[in-house]
Amino acid sequence: MRVSGLMLAIILLALGACQTSQVVMNGPLPRNAGGAPIYKPGYTLAGMLHAPRGEILLALTFSGGGKRSAALAYGALLGLRSMTIMEAGQRRPLLSDVDYIASVSGGSFPATYYGLYRDKTFESDFLKRNINAFISGIYLLPWNWEWLINPLFGTSDAMAAVYDRLMYHGATYAYLAKNGLPMISVNATDIAGGTVFSFNQSTFDLLCSDLSSFPISRAVAASAAFPILFTPITLVSYRSNCTAYPPPSAPPPGWQKDATTLSRVSALDSHADRLMDPYRTKWIHLMDGGIADNLALRSLSNALILLDEDDSEL
C-alpha cells in the first residue's frame with residue numbers, strides 16, 4: 001500500500017508540474033473597416049491553378065493505411081521523379097507536373113512533407129522514426145497525461161505537437177500557399193455528419209475562418225486521428241459573428257433544385273448549409289479521413305465539381 005501511495009504521489013506531482021498546453025485554434029477571417037469579412041481566393045484549387053505550369057494537369061491521391069500508405073506514397077513520388085517527359089523541347093521529371101495531391105490519414109504525411117520541402121528526405125524525418133513510441137508515451141508516461149486532466153487538450157493535440165516538432169517546425173498553410181503548386185488537400189472526417197472535411201480556404205470560408213494561420217501539423221493530426229486511439233481535432237465556427245450571406249466559395253442556393261437527393265452536388269450543398277448554420281454548427285470535430293473516404297478520391301471529385309469551365313470556383 002505504501003508503494004502504491006508513493007507512486008500515486010509521484011504521478012500527481014508530475015501532472016502538477018506540467019504546464020497547460022496551448023492548443024492553437026483556427027482564427028477568424030480578417031475584416032475590413034466596416035467589419036465585413038474579407039474573402040480571398042486563398043489556398044484553393046482554383047486560386048492555385050491560376051498559375052499554370054504546362055499542358056499537363058496531374059492529380060494524385062494518397063490513401064490511408066498508416067506508415068505503409070506513407071511509404072507507398074513516398075515511393076510513388078520517387079517514381080514520378082525518375083520518369084521524364086518532353087514538352088516544348090524541354091525534358092523534365094514528371095514529378096514537377098503534379099498540380100494537386102489529395103490525402104487522408106497516413107498519406108497526409110508524405111503529401112504535406114512534399115508540399116513544404118519538395119525533394120528533401122522524408123525517410124529520416126518520418127519513415128525511419130519510431131512514431132509508435134511517441135504514441136505509447138502519451139498513454140504510458142505520467143508527464144504526458146495532460147489529456148486526462150485538461151478538457152481542452154486531447155491525444156490528437158499531443159500528437160500534433162509531436163508531428164510539428166519532428167517534421168513541420170511551426171509551418172502553417174501560409175507556407176504551402178507560398179510554395180505554390182502542387183496544392184495539398186489534407187482530408188479528415190467531420191464526425192457530426194460523417195462527411196469529408198478538406199483543409200482548404202473554400203471549406204474554411206464556410207466557417208468564416210482563415211486557413212493561412214492554421215498549423216499543418218494539426219490538419220495532419222486530424223486526418224490521422226484513428227478512432228478510439230485518438231481524440232478529435234476541434235475547430236470553431238465564427239459564422240455567428242459573420243455576414244449572413246454565403247461566402248463566394250459556397251455552393252450556390254440553386255444547386256439542390258437541379259440535383260437529385262442522392263447526387264454529389266446535393267450532398268455538397270447540404271454539407272455547406274450545415275457548416276454555415278451558426279445554430280447547428282458551433283464546433284467541428286474532426287477524425288481520421290479514412291472514416292469517410294480512405295482513398296481520398298472523394299476530395300478530388302468534390303474539388304473538380306467546384307470548378308467551372310474557366311477554372312474558377314463557384
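These are my notebook entries on one predicted model, going from the whole chain to single residues.

**Ground rules.** I number residues from 1 along each chain as its sequence is written. Since this is a predicted model, I take local features only at pLDDT of at least 70 and side-chain atom pairs only at pLDDT 80 or more, while totals for chains, interfaces and linings use all residues, and side-chain values use heavy atoms, with hydrogens and water left out.

**Whole chain.** I looked up the secondary structure and got 14 helices and ten strands (DSSP runs numbered from the N terminus: helices are H or I with at least four residues, strands are E with at least two). Of the 314 residues, 47% count as buried (buried is under 20% relative accessible area, exposed over 50%, partly exposed in between, with a 1.4 Å probe and protein chains only). The accessible surface comes to about 15800 Å², and 61% of that belongs to carbon and sulfur atoms (Shrake-Rupley method, 1.4 Å probe; for residues, only the protein chains shown count as cover). I also checked contacts (heavy atoms within 4.5 Å): among those between residues at least 6 apart in sequence, 76% join residues at least 24 apart.

**Helix 3.** I checked the length of helix 3, residues 66–82, first. Its 17 residues should span 24 Å at 1.5 Å a residue, and the end C-alpha atoms are 25 Å apart, which agrees (the expected span is 1.5 Å times one less than the number of residues). Which residues of helix 3 are buried? I noted Ser-69, Ala-70, Ala-73, Tyr-74, Leu-77 and Leu-80. Down the helix axis these fall within an arc of 135°, so they line one face of helix 3 (the arc is taken from the directions from the axis to the C-beta atoms). They pack against strand 2 (58–62), strand 4 (90–93), strand 5 (98–104), helix 4 (108–117) and helix 5 (123–127). On the face turned away from the buried side I found the exposed residues Arg-68, Leu-72 and Ser-82.

**Salt bridges.** I counted five salt bridges (a side-chain nitrogen of Lys or Arg within 4 Å of a carboxyl oxygen of Asp or Glu). I wrote down three pairs, listed here.

- Asp-97 and Arg-92 meet at 2.6 Å, N to O; Asp-97 is buried at 2% relative accessibility, and Arg-92 is buried at 18%.
- Lys-128 and Glu-123 meet at 3.7 Å, N to O; Lys-128 is exposed at 66%, while Glu-123 is partly exposed at 30%.
- Arg-218 and Asp-157 have their closest N and O atoms 2.9 Å apart. This pair links distant parts of the chain, with Arg-218 in helix 11 (residues 216–223) and Asp-157 in helix 8, 61 residues apart. Both Arg-218 and Asp-157 are buried.

**Ser-156.** Staying in helix 8 (residues 155–168), I looked up Ser-156. Is Ser-156 buried or exposed? Ser-156 is buried, with a relative accessible area of 1%. Leaving aside neighbours within four places in sequence, Ser-156 is in contact with Ala-221, Ala-225, Phe-230, Thr-231, Pro-232 and Ile-233. Ser-156 and Ile-135 are 21 residues apart in sequence and 9.7 Å apart in space, C-alpha to C-alpha.

**Surface patch.** Last, I found a nonpolar patch of about 340 Å² made by Leu-140, Leu-141 and Trp-143 (patch residues have over 30% relative accessible area and no salt bridge; like charges are joined within 9 Å, nonpolar side chains, that is Val, Leu, Ile, Met, Phe, Trp and Tyr, within 5 Å). Leu-140 lies in helix 6 (residues 131–140) and is exposed at 63% relative accessible area.
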